[in-house]
Amino acid sequence: MLDRFYYGVCYYPEHWPVKQHGDDIRRIADAGFNCVRLGEGAWWYWEPREGHFQFDLFDAVIDLCREAGLGVILGTPTYAAPAWVSQKYPQVLRWDYHRTPMAHGSRRNLNYTSPAYLELSDRVCTALASHYAKERQVFAWQLDNEFNCHMDASYAPSDTAAFRLWLRKRYRTIDRLNAAWGTRFWSQVYDNWDQIDLPHPTATYHNPSQLLDETRFISDCVVAFAGRQATILRRHNRRWLITHNGLFPNVDGPKLVSKLDFFAHDQYPLFHKTWGAQAAGLVTARSLSFPFGVMEQQSGPGGQMEYLHRTPRPNEMRLWAFQSIAHGAGLLSYFCWQTCPFGSEQHWHGLIDQDGRDTRRLAEAEALRSELDGLPRDFWGAAPTRFAAVLRDYDNEASDRRISTYNKSGHWEQYRWQTELAKAHVPSDFTWPDGDWGGYRLVIAPHLQIMDPLLVKRLTSFVRAGGTLILGAQSGTMDRNGHVVRLTPPGLLRSLAGVEVEDWTTLAPEESREATFSDGQSVHFTTFIERLRLRGARATARWWGDDPLLEQSPAVAQRTVGRGRVIYVGGYLGHPAIRTLSRRCVAEMKFRPLVAASADVEIIVRRSKKSLYLCVLNHSASPQELRVDRAKALFGDVKAAAGGAITLAAHGIAVLSRRP
C-alpha cells in the first residue's frame with residue numbers, strides 16, 4: 001500500500017527532444033514533486049518491431065529521476081499498439097456493433113478476447129517487467145490505461161467465441177441458459193451453443209437477460225485482462241504496487257479492484273458542472289480503495305478536436321487538486337507536465353504549455369505542495385468518517401444503461417443522493433452488496449430492481465441492528481436473471497418494507513406529482529410513481545392532487561424493524577426532492593454537521609486516533625462564512641470573522657483540526 005504521499009506529474013519523454021529531458025526532470029523536482037508517471041502510451045518505442053525491444057530512452061530518464069529523487073510509476077502500454085500490430089494481426093482489432101473493424105490511428109481499438117492480442121500483451125509486459133525487475137526507482141505500475149474508455153464493447157469473431165465459452169462455464173447446459181434468458185418468449189430457444197452470438201442489429205428489442213449477461217461478460221474480460229498483467233508484474237517483483245486508473249462503463253469496480261493493490265481515478269473537474277458531481281468520482285474511488293490514487297489530475301483547460309474547456313480561474317486548479325487529496329488520494333499526479341504540441345490532445349493543457357514557460361498553473365501546484373508539507377503525518381492515514389452510504393450494484397447499473405432505459409431522467413439517482421448529502425455536509429460514501437458496511441447508520445438503495453435473497457438478508461440485518469434503510473420505487477421486483485419475480489411489488493423486499501404496490505404509472509419528462517408530509521412540507525416526484533398499500537408500515541407522506549390513480553394514497557411509508565427502520569419512497573426523485581427527504585431523515589437521526597456552512601462549501605471529515613481533520617473547500621467565487629467549534633487551522637485561506645465565525649476565501653481551502 002502507499003507508504004507516503006506521492007505528488008507527481010505525467011511525463012512523456014517520447015514527445016520531446018532528448019536534450020530537453022534533463023531540464024524537464026530538474027524542473028519537476030524543483031517544483032516539489034516526488035514522482036513521475038511514464039510510458040503507458042509508448043508501445044511503439046518499447047517494441048518498434050515485433051519481438052525487438054528497446055529501453056534506452058526510458059532508462060536514461062529513470063536515471064535522471066534517480067538523481068533528482070523522483071519515484072517512477074510505469075504504465076503497461078497495451079491501450080495503444082504500434083501500426084505493425086494492426087497490420088500483421090488484424091484479428092486483434094475491436095469490431096463495432098455493426099461488425100466493422102476499428103483500424104489503426106487512434107487508441108483503445110484492441111480486443112481483450114483475441115488470443116493474438118493477449119499473447120502480444122503478455123510479451124511486452126513480460127519484457128518490461130523483466131528489464132525493470134531490479135530497478136529500485138520504479139515503485140508502481142499502472143495496468144493499461146482507462147479500461148473501456150471510448151469503446152466498452154467489441155463484436156469481433158473472437159468475442160463471440162469467448163462469449164460462448166463464458167456462457168458454457170456459467171450455465172453448463174443449454175437448458176439452463178434457456179431458462180435463465182427466458183428464451184421461450186419470441187421463439188428464441190437455443191438448441192446448441194453455436195447458435196448463440198453477441199447482440200446484433202435486430203428489427204426490435206433484444207432479450208434483456210442476454211444484454212445483462214453480455215455486460216457481465218465484458219467486465220469479466222476486462223478483469224481477467226488486468227489479472228494477466230498483474231500476475232506478470234508480481235512474478236518479477238512483489239514489491240511493486242499495482243493500480244489502474246478509472247472506472248468506465250461495463251467494468252465491475254469491486255472485481256477490478258480485487259486485482260490491484262490500490263485503485264486510481266482520473267479526475268477532470270471540467271467534465272462536471274457542479275462540485276457535487278466533481279466529487280462523485282472521488283467518492284467512488286475512496287469507497288473502492290482507501291487510500292486511492294489520482295493518476296490524472298486536471299491541470300488546465302482540456303480539449304480534443306470536438307471541444308475545448310474553459311480555463312481554470314486563479315486558485316481553481318489548486319482547489320480541485322486539494323479536493324482529490326481531501327477525499328483520500330495518497331497519490332496525485334497531474335496530467336500532464338507539458339502540453340503536447342501534436343496529436344489529438346494538443347489542446348489538453350499541462351502544468352506548462354508547448355512554449356515551456358513557467359505558468360500560473362505550475363505556481364499553484366508548487367504552492368499546494370508547500371502547504372501539504374505542514375500537515376501532521378497521521379493526516380494521511382486518517383480515513384473519512386462514516387455516516388451514510390449509497391448502495392450501488394453492477395447488475396442494476398447495467399440495467400439502467402441498457403435495459404430499463406425507459407426511466408431516462410430517472411437514471412443515476414444514486415449520484416443525486418450522494419451529491420445532496422455532500423451539500424448538506426453529511427459524510428457519505430458509495431458501497432456495494434459485498435462491501436464493508438461497518439460504521440454506516442444510513443444506507444440508501446434507490447431503485448434496485450434486480451435483487452437476490454442474500455442481499456435482502458443483509459439489508460434486513462443492517463436494519464435490525466439499528467440502521468436506517470431508504471428504498472425507492474421498483475425495488476426488489478427482479479431476480480438476478482432480470483426476470484420479474486412473481487410476487488407483489490416490492491417483491492423480495494415486500495416483507496422488509498411493510499408495503500405493497502397497488503398501482504403505478506410512468507410520468508412524461510415535464511410531469512411531476514406532489515406528495516405532502518403531515519407537517520405540510522411537500523416534495524415532487526418524477527419519472528415513475530407508485531400507489532402504496534400499507535402492510536405493517538405507516539404513511540409519512542401522501543399523494544396530493546387530482547390524479548385518480550393516487551387518491552391521497554401513501555407516497556412515503558416507514559416501518560420499524562428491530563432497532564432500525566425502513567423508509568420506502570414510492571417514486572423517482574430529482575435533486576429538490578432528495579434534498580428535502582435526505583435532510584428530514586438526517587434530522588430525525590439527530591445528526592449535526594461539525595461545520596455549519598453554505599452548500600457552496602465542501603467538507604470532508606477525516607479521523608485519526610488523535611484528531612479529527614476538517615477539510616473545507618469553497619467552490620464559489622465569493623468568500624464564505626463557516627461556524628465550527630473548538631477547531632484550529634493547520635493551513636489555508638481562513639481568517640477570523642465576527643461572532644466567532646471564520647471566513648474562507650473565494651476558491652479557498654483549509655484544513656482544521658480538533659480532538660475527536
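Predicted model: local features only at pLDDT ≥ 70, side-chain atom pairs only at ≥ 80, totals over all residues.
P341 counts as partly exposed, because its relative accessibility of 38% falls between the 20% and 50% limits. Leaving out residues up to four places away in sequence, P341 touches W16, Q346 and Q354. Its C-alpha also lies 8.6 Å from that of D353, a residue 12 positions away in sequence.

R392 belongs to another loop, the one between β12 (388–391) and α13 (394–402). Is R392 buried or exposed? With a relative accessible area of 5%, R392 is buried, because the limit for that class is 20%. The side chain of R392 makes a polar contact with the side chain of T284, at 2.9 Å. Beyond its neighbours within four places in sequence, R392 is in contact with T284, E397, Q414, Y415, F430, T431, W432 and P433.

Let us turn to the helices. Helix α14 (residues 413–423) is mostly covered, with 9 of its 11 residues buried. Those buried residues are E413, Q414, R416, W417, Q418, T419, E420, L421 and A422. Just after α14, H425 adopts a positive phi of about 65°.

What packs against α14 at an angle of about 110°? Helix α10 (residues 275–288) does, and the two axes are 9 Å apart. The two helices are therefore roughly perpendicular, since that class runs from 65 to 115 degrees. On the α10 side the contact is made by W275, G276, A277, A280 and V283, and on the α14 side by Y415, Q418, T419, A422 and K423. By class, the residues of this contact divide into 6 nonpolar, 3 polar and 1 charged.

Another helix pair is formed by α6 (residues 157–171) and α8 (residues 208–236), whose axes come within 11 Å and cross at roughly 105°. That angle also falls in the range from 65 to 115 degrees, so α6 is roughly perpendicular to α8. From α6, the contact draws on D159, A162, F163, W166, L167, R170 and Y171, while α8 supplies D213, E214, R216, F217 and D220. The residues of this contact divide into 6 nonpolar, no polar and 6 charged.

Aromatic residues deserve a look of their own, as the structure holds 40 aromatic pairs. Here are two of them.

| Pair | Geometry | Centre to centre | Angle between planes |
|---|---|---|---|
| F379 and W380 | edge-to-face | 5.2 Å | 85° |
| F387 and F591 | tilted | 4.6 Å | 45° |

In the edge-to-face pair, F379 is buried, with a relative accessible area of 0%, whereas W380 counts as partly exposed at 22% relative accessibility. The tilted pair links distant parts of the chain, with its members 204 residues apart. F387 lies in the loop between β11 (383–384) and β12, and F591 in the loop between α17 (575–588) and β23 (595–596). F387 is buried, with a relative accessible area of 4%.

Definitions and conventions
Residues numbered from 1 in each chain as written. Heavy atoms only, no water. Helix = DSSP H or I, 4+ residues; strand = E, 2+ residues; numbered from the N terminus. Buried < 20%, exposed > 50% of the residue type's maximum accessible area, 1.4 Å probe, protein only. Polar contact = N/O pair within 3.5 Å; in protein donor to acceptor, adjacent residues only side chain to side chain. Contact = heavy atoms within 4.5 Å. Axes fitted to C-alpha atoms, helices over the stretch in contact; angles between N-to-C directions. Parallel < 35°, antiparallel > 145°, perpendicular 65-115°, else oblique. Nonpolar A, V, L, I, M, F, W, Y, C, P; charged D, E, K, R; others polar. Phe/Tyr/Trp six-rings, centres within 6.5 Å; stacked < 30°, edge-to-face > 60°.
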